[in-house]
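Reader: I'd like a close look at one part of this model. Could you walk me through it in plain words?

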Amino acid sequence: MMMAINSTENLLSRIEELENRLAESEQLIDAIKAGEVDAFAFRTNNKSEIFTLQSGDYAYRVLVENFSEGALNLSEDGLIVYSNNYFHKLLALPYEKVIGHSVFKFIHSSSTGTFSELFKKGLAAGQSKGEINLSAGEKIIPVYISLTSLHPNLPTVGMIVTDLTEKKRNENELQEKNRFIETIIESSQELIAVYGHDCTLISVNKATEKFLGETREKLIGKKLTEIYPGTKGTKPENDLLRALKGEFIQNEAYLSKVNGRYIQNYLNPLKDENGNIYAALTIAHDVTDIKQAEATIKKANKQLEEKNIELERSNTELASFTYVASHDLQEPLRKIQTFSNMLLEKEFEKFSDYARSIFGRMEIAAKRMQTLIDDLLTYSRTNTSDRKFKRVKLNTIIEEVKEDLKEEIKEKDAFVESDVSCEINILEFQFRQLLHNLINNSLKFARPGQAPHIKITSEIVERSRYENDNRFTEQNYFHLIITDNGIGFESIYNEKIFELFQRLHDRQEYNGTGIGLAIVKRIVENHNGIITAHGEVNIGTKFDIFIPLSVVEGPL
């Protein structure tokens, strides 16, 4: 009897349980029909499974699934009961790792507080928006979220998630570019300013602050006429107004009334993306130093021009004096020589030894005077003669000079060696004089008891070989070298040896006028060339002549 009662009670309990579950199922079906439920969970074998429903809102669901933004439905405690594909892909996680988990799990620690406030506000006020960072492993994802409460229809909050990664990247790049441009503007020595439509200053750089002697805080907001008093209705104001209307303007340098500096202005209209002018950029260049340098150069050029005119006049007068004086001196000299010869021929036998000695010395002095006059004439001709360049074989001229000095070469038992076979463009007469003087110089200053050996060679050299010598300005040079084994000279005379009337030895030892090498230097200069001399006592002398290749090659 007792067993029957227990069995009946169990059955009644089971029936009641089934009735309750049936009631719950009916409520669920009603909720589904009413559209109040789009997901539900079953727990089997201690495992939760969430199911979404496909209903009459299927098209809407497909649209949400294909959003290019994340779409979530969150329970009141933050559980994710719905997520579209975009959100879990944004986190680089499988769907199963997102659905059914708390949204706080994916909020970066730096944004936990901010999100909590936004979430509470969304639940309480119905809507909230803001920027936060999501966390996806080691990756931080900046996003913009919009939360909307679904009460009273559903006890959940909808959340739309917009990825700001690209936007932030672009903003950072733009900020970096702006910082770069700002650095350039701020470090520029140009006076840079931006004016609005009413000629009010909007922005300036440090150079402008320094120029005006004011901080930008005091300058910005002022009109052009306030910053530069006295400019009302003047060219600076009119130019700015023209720039604000679309013209690009470049001004000639003018003297600023602010601080007496010379300024050159450039004005450029600034346009927005629609092509509308919103401001004018002015760039002012302080050209005071340039103006002062130009004035200095102009003054120096004028002085140089005056000096050149004076020098040219002096050279002309000197050449004329030398030439005329030489000719005028020759007439009395010839008379002296003629009369002394007549006396020597007719009265020589009557002269005492002393008188003969005096006449001999007078004859030597007259010959020396004749040589000096001839050298002065040669020197003057190097400055006044027509400079007609001609292509000649240099070796031919050397042979002609050797022929002219044949007796001296034979007397000294000298050997003149030349290895020059080129054809060059030169002043033939002058170059022959140059070679004559140098070879004759080597013969004259031969070492006693030593047969003179004179060597002439040539080469083409580049300026780089003499880069530390500012006299070399051309790229390539024709280099003529003349060496001997004569008595040489001390190195202190390397430059002085070319001075007019410069003698290094007593006239009794070596005859000469001290003009020969001055003539050589003048001839080299007439070819735009350079000449140097290097001597070693009892070793010999070396002359280096450099003539620009552009000169010796001449017109082809």
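At what angle do the axes of helix α12 and α14 cross, and within what distance do they come?

Author: A quick note to start: this is a predicted model, where local features need pLDDT of at least 70, side-chain atom pairs count only at pLDDT 80 or more, and totals for chains, interfaces and linings use all residues. Residues are numbered from 1 along each chain as its sequence is written, and side-chain values use heavy atoms, with hydrogens and water left out.

Now to your helices, which are DSSP runs (H or I, at least four residues) numbered from the N terminus. The axes of α12 (residues 394-404) and α14 come within 9 Å and cross at roughly 50 degrees; axes here are lines fitted to C-alpha atoms over the stretch in contact, with angles running from 0 to 180 degrees between N-to-C directions. That makes α12 oblique to α14, oblique being whatever is left after under 35 degrees (roughly parallel), over 145 (roughly antiparallel) and 65 to 115 (roughly perpendicular).

Who touches whom? On the α12 side, Leu 394, Ile 397 and Val 401 are among the residues that meet α14, whose partners include Phe 431, Leu 435 and Ile 439. Contact means heavy atoms within 4.5 Å. Those three α14 residues, Phe 431, Leu 435 and Ile 439, are also among its buried ones, buried meaning under 20% relative accessible area with a 1.4 Å probe, protein chains only.

Asn 437 sits in α14 too (residues 428-444), and counts as buried because its relative accessible area is 12%. Leaving aside neighbours within four places in sequence, Asn 437 is in contact with Gly 516, Ile 519 and Val 520.

Conventions. Helix = DSSP H or I, 4+ residues; strand = E, 2+ residues; numbered from the N terminus. Buried < 20%, exposed > 50% of the residue type's maximum accessible area, 1.4 Å probe, protein only.
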